[in-house]
Structures are given as structure tokens and as C-alpha cells.
Amino acid sequence: MSGRWAYSGRWALVTGASMGLGETFARALAARGMNVVLCARSGERLAALAREIEAEHGVRAAVVAADLARPGEPARAWAEAGRDRTIDLLINNAGFGLHGRFDELAADRQAEMVALNCTALLELAHLALGEMRPRGSGAVVNIGSVAAFQPVPMKAVYAATKAFVLSLTQALVEENRGSGVRILCVSPGPTPTGFQAVAGTRVREGQMGVLRAEEVVDTALAALDAGKTHVAPGFANRVSTVFGRMLPPAVAARIARRVNAAR
Ligand SMILES: NC(=O)c1ccc[n+]([C@@H]2O[C@H](COP(=O)([O-])OP(=O)(O)OC[C@H]3O[C@@H](n4cnc5c(N)ncnc54)[C@H](OP(=O)(O)O)[C@@H]3O)[C@@H](O)[C@H]2O)c1
């Protein structure tokens, strides 16, 4: 399915919108004339961003403060976001990573990562598709990672959550082919945002595949416009997804361990 996505005057729900890629998505969608519902935990930051977006782009911006890792919160957030408005685009972006050996990282923090990166994403996609499919229009954009394409020692659970996002999204693409609903998986590489401080990593000088958040978002929205179903922004990241898939998993994991040990 192709043809430029119709942004103007419709509503998007962006999760993880208080900073980083989510904030950048919200600004880029507003610049294209879309109204946005901003969702994350930091209500005050979202409220300030909503005011800024409305003033700058002449669209409407609403706020839903929610901790999406908590049971019941994705459903509450979806209901609140859709009260008195139709959500035509879901940007399923909220997520975090952790760097460290699996047995040394706290189990509950890693379970929280699964709750946010996987459970909340699937619940929101489910609610969105339940409304979009009968309408025969809408789009769900799930934010994965280049980490999805091979096991990643020292980011074991994070990479597993993103493999889940990739697999789920690719299956949803097929289930929804011809339905009028667009499904897109975005697999970013290293992007300087708040992600690194939370994960305990850093973007190194000269690191391959590094893009600015604006470049990632522009590439993602161009892919949505083109009706693509997967995009890994940046040449080096595209190449790494191909090699990640071609190599035997044990070999890919060995290489990924070398790359990640230094972070
Ligand atoms: N940056 C990268 O290098 C990179 C690479 C590949 C993929 N990604 C993916 O891109 C997505 C966005 O990450 P980012 O780089 O923009 O990171 P970020 O700057 O840390 O932003 C993460 C966003 O998620 C929100 N969030 C965190 N926990 C939440 C929770 N429990 N409930 C609701 N919202 C929550 C944060 O807001 P609050 O703290 O206010 O809740 C924030 O708005 C993630 O899925 C990440 O895995 C990032």
C-alpha cells in the first residue's frame, strides 16, 4: 500500500513523547499538520511540550500521563487518548534498554523493560487495530531497534524485547495486508537521546550508524508515506540488519559481544 500518508487534521498518539525520538516524532507530525496526543510519565514536561507544539504549528496537542509499564495503564492511556477523538496513527515508541550482564542487572528492572517494550506495545497495537481495521484506515508504527536482528550479550533482554517487536510487527503486516491499515516497524541504530543515560551506554566518537533523532524520524515518516513495512534508518544500520540475519546466531552473538563489551 502506498500514497502519501494523510497527516493533516488527524490525530496521532505518540508514546514516550517527553523526549528523544518520541518528542521528535510529535514535532515532526505536528509540522505535517497532525494533532498529537503526547504520552509518557512526565506530565509536566508533556504539558509544556504540548503548549509549545500548539503555538509553533497551529495544531492541537493533548497530554496523557501514564506509566505504561504498569498493568492496566496502556488500556487507560488508549481510552483517554481516544476520548472525543479518533486516533489514526499510533507511534508505539516508549521503551528503554539496560546495559550489563543479565545475572548482574536487577531482575525486576529487566521485567519492567519487557512490560514496557513488549506488553504495553502489544496492548496498544491491539487496541488500535481493533478500531482501525473496522474503519479500514489508520497506521501503527512500532519502534524496534537494530538490536532485534541478533542476540546481543550485555543487552540480552533489551535485544530480546526488540526481536519480539520485529517479529510481532512483521506478522501484523501480513495479517493486515489489504485492510487499509498500514503497519511499519522502525529499527533505529544508535541515536543520541535520553536512551543512553538510562541504559548506561554512550554514543562513541566515530561510532558507525549514528544518526540524529530528526534523521531517524524523517526516514520513518518517509517509509510510512511510501507504504513500506520495515525501515532501518541509515546505510550502516541497514547493512547491520542484513548481516545480523545472515550470520549463524552464535557467530552474530560473539561479534555483538565484542562490540558491546566496550560500552
Ligand atoms: N536512542 C537510541 O539509540 C535507540 C536505538 C534503537 C531503538 N531505540 C528505541 O527508540 C525508542 C525511544 O527511545 P529514545 O531513544 O527516544 O529514548 P529516551 O530519550 O530515553 O525516551 C524514552 C521515552 O519513553 C518514555 N518512557 C520511559 N519509560 C516509560 C514508561 N514506563 N511509561 C511511559 N513512558 C515511558 C520516556 O518518558 P518519561 O521518562 O517521561 O516516562 C521518554 O519519553 C525506544 O523504544 C528505544 O528502545 C532507541
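I began with burial: a residue is buried if 20 or more other C-beta atoms lie within 10 Å of its own, exposed if 12 or fewer, and partly exposed in between, with C-beta atoms placed from the backbone. This is a predicted model, in which local features need pLDDT of at least 70 and side-chain atom pairs count only at pLDDT 80 or more, while totals for chains, interfaces and linings use all residues. I number residues from 1 along each chain as its sequence is written.

**Val 157**

I looked up Val 157 and found that it counts as buried because it has 20 C-beta neighbours inside 10 Å. Val 157 belongs to helix H5 (residues 156–175); helices (H or I, at least four residues) and strands (E, at least two) are DSSP runs, numbered from the N terminus. Setting aside neighbours within four places in sequence, I listed the contacts of Val 157 as Leu 98, Phe 102, Gln 110, Met 113 and Val 114, where contact requires C-beta atoms, placed from the backbone, within 7 Å. From Val 157 to Ser 179 I noted 22 residues in sequence and 33 Å in space, C-alpha to C-alpha.

**The sheet**

I then traced an open sheet of 7 strands, in the order E3-E2-E1-E4-E5-E6-E7 with parallel pairing; two strands pair if DSSP finds at least two bridges between them. Which strands stand at the edges? They are strand E3 (61–65) and strand E7 (230–231), each with a single partner strand, so one side of each has no neighbour in the sheet. E2 and E3 run parallel and are joined by 5 bridges; among them, I found Val 37 bridged to Ala 62 of E3 and Ala 40 bridged to Ala 65 of E3.

Further along, E5 and E6 pair in the parallel sense over 6 bridges, one of which links Ala 139 to Arg 182 in E6. I recorded that 6 of the 6 residues of E6 are buried, so E6 is largely enclosed by the rest of the structure. In a regular strand the side chains alternate between the two faces of the sheet. In E6, Val 181, Ile 183 and Cys 185 point one way, Arg 182, Leu 184 and Val 186 point the other way, and all are buried. Helix H7 (residues 213–225) lies across strand E5 (138–143), strand E6 (181–186) and E7, and runs at about 150° to E6; for such angles, axes are lines fitted to C-alpha atoms, for helices over the stretch in contact, and the range is 0 to 180 degrees between N-to-C directions.

**The core**

I looked next at the largest nonpolar core, which has 81 residues, and Ala 12, Val 14 and Leu 90 are among those with the most contacts inside it. Such a core is a set of buried Ala, Val, Leu, Ile, Met, Phe, Trp, Tyr and Cys residues joined through C-beta atoms within 7 Å. Not counting residues up to four places away in sequence, Ala 12 touches Leu 29, Met 34, Val 36, Ile 87, Asp 88, Leu 89 and Ile 91.

**Ser 42**

Last, I placed Ser 42 in the loop between strand E2 (35–40) and helix H2 (43–57). Ser 42 counts as partly exposed because it has 15 C-beta neighbours inside 10 Å. Its C-alpha atom is separated by 9.3 Å from that of Ala 17, 25 residues apart along the chain.

How values were computed. Contact = placed C-beta atoms within 7 Å.
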